[in-house]
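Please look over the sequence and the structure, then read the points below.

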Amino acid sequence: MPDTARSKAKVAIFISGTGTNMAALLYASRLAQAPFEIVLVASNRETASGLSFAQLEGVPTFVHSHKGHTRAEHDAAMEAAAHEAGAQYIVLAGYMRILSEAFVERWAGRILNIHPSLLPKYKGLDTYSRAIEAGDAHAGASVHLVTPELDAGEVLAQARVAIAPEDTPETLAARVKVAEHQLFPRAVADYVSRGNDPDHLYTRVADLALALPEAHAKDSHGSPGFRVGPVKSGKFFAHFSQQHHGSEHIAVLVKTGGMEELLDLVEAQPEVYFKPAYYGASGWIGLILNRPDVDWGHVAQWLERSWRSVAPARLTRLLDAADQF
Ligand code: GRF
């Protein structure tokens with residue numbers, strides 16, 4: 001798909017301090033082809049110097065002191081500002097507040113943080129002195145998804161920084177910062193682009209398809225597909241289609257009940273479904289995957305339905321029995 005056809009992911013950055021990582025993200029967002037834009041810089045501290053920097057660069061800012069508020073109240077104010085700015089992702093760049101569990105769960109998979117250690121080592125504070133005291137050869141930084149447990153979400157990317165014998169926490173921190181400024185924009189760009197990355201989308205489809213009984217992957221006409229039954233004689237229940245035959249979609253093709261259902265679905269939700277070339281004629285429908293907000297539960301349901309339509313009865317009975325629990 002041409003880049004111009006894609007809208008940029010909207011990112012709100014939360015800071016508490018100098019905001020040098022925020023600055024790195026902002027300048028990266030303004031390079032040609034950047035897949036994200038910064039729609040808000042929000043802080044819990046009025047004196048955060050990053051705020052004046054953001055203002056200078058014309059980025060909307062929001063400040064709400066945490067003092068005198070419960071955690072839930074403060075989070076709600078920050079969240080409202082993020083929504084108002086149209087943010088799809090929240091990126092924590094030196095935000096020194098722990099977010100409430102409810103907040104984190106509402107934004108699950110859409111909040112990223114940068115932490116100055118090679119996670120899972122040295123969660124929490126004083127990461128540089130702990131790495132030096134442990135005699136580690138390397139320190140570094142990690143970009144990770146935020147989950148309710150502190151610094152424990154999936155690590156998306158890391159940068160390693162060598163520790164010198166004469167390093168103090170301050171000298172080491174300065175070099176880790178330089179590495180962070182390279183790492184963070186790249187990790188955010190990769191993460192928000194995952195929805196257009198065929199490898200990532202294939203992996204998600206494969207995880208769901210191969211979880212079905214006796215499913216295996218098998219290519220068909222040069223495209224990956226999934227079959228049920230014996231490896232030699234199984235039947236296809238899904239095909240993965242990556243911008244084939246002039247289509248700009250990355251999609252998984254699954255079996256409908258027939259042409260009438262297929263055409264009804266395409267007409268009702270053209271942003272979700274399409275009639276693929278060749279396969280469409282025999283009732284396969286395309287579920288579009290390279291679009292915002294794919295409902296993966298819905299994809300899983302279609303895969304199961306399609307699997308059921310070709311699986312032998314002994315296997316569908318197995319799944320029925322499993323569904324009882
Ligand atoms: C960074 O070192 C980051 O790893 C940590 O907070 C610091 C923020 O620095 N979470 P800055 O405000 O971006 O300069």
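**Overview**

The protein chain has ten helices and 13 strands. The model is a predicted one. Along the principal axes, the C-alpha atoms of the chain fill a box of roughly 65 × 45 × 40 Å.

- The chain has 325 residues, and 45% of them count as buried.
- Among contacts in the chain with a separation of 6 or more, 57% are between residues 24 or more positions apart.

- Eight of the ten residues of H1 are buried, so the helix is largely enclosed by the rest of the structure.
- These buried residues are Asn21, Met22, Ala23, Ala24, Leu25, Leu26, Ala28 and Ser29.
- Strands E1 (9-15), E2 (36-43), E4 (89-92) and E5 (111-115) are among the elements that the buried residues of H1 pack against. Helices H2 and H6 (169-193) are packed against by the buried residues of H1 as well.

**The pair H1 and H2**

- Helix H1 covers residues 20-29 and helix H2 covers residues 49-56. Their axes come within 10 Å and cross at roughly 20 degrees.
- An angle under 35 degrees counts as roughly parallel, and H1 and H2 are therefore roughly parallel to each other.
- The crossing in which H1 passes H2 is right-handed.
- On the H1 side, Met22, Ala23, Leu26 and Tyr27 make the contact; on the H2 side, Gly50, Phe53 and Ala54 do.
- By type, the residues of this contact are six nonpolar, one polar and no charged.

**The six-stranded sheet**

- An open sheet is formed by six strands, in the order E8-E9-E10-E11-E13-E12, with antiparallel pairing.
- Strand E8 (215-220) and strand E12 (273-274) are the edge strands, and each of them pairs on one side only.
- E8 and strand E9 (residues 223-228) run antiparallel and are joined by six bridges.
- Ala215 has Val228 in E9 as its bridge partner.

**Helices on the sheet**

Key. Residues numbered from 1 in each chain as written. Predicted model: local features only at pLDDT ≥ 70, side-chain atom pairs only at ≥ 80, totals over all residues. Heavy atoms only, no water. Axes fitted to C-alpha atoms, helices over the stretch in contact; angles between N-to-C directions. Helix = DSSP H or I, 4+ residues; strand = E, 2+ residues; numbered from the N terminus. Parallel < 35°, antiparallel > 145°, perpendicular 65-115°, else oblique. Left-handed = near helix turned anticlockwise from the far one by under 90°. Contact = heavy atoms within 4.5 Å. Nonpolar A, V, L, I, M, F, W, Y, C, P; charged D, E, K, R; others polar. Pairing = 2+ DSSP bridges. Buried < 20%, exposed > 50% of the residue type's maximum accessible area, 1.4 Å probe, protein only.
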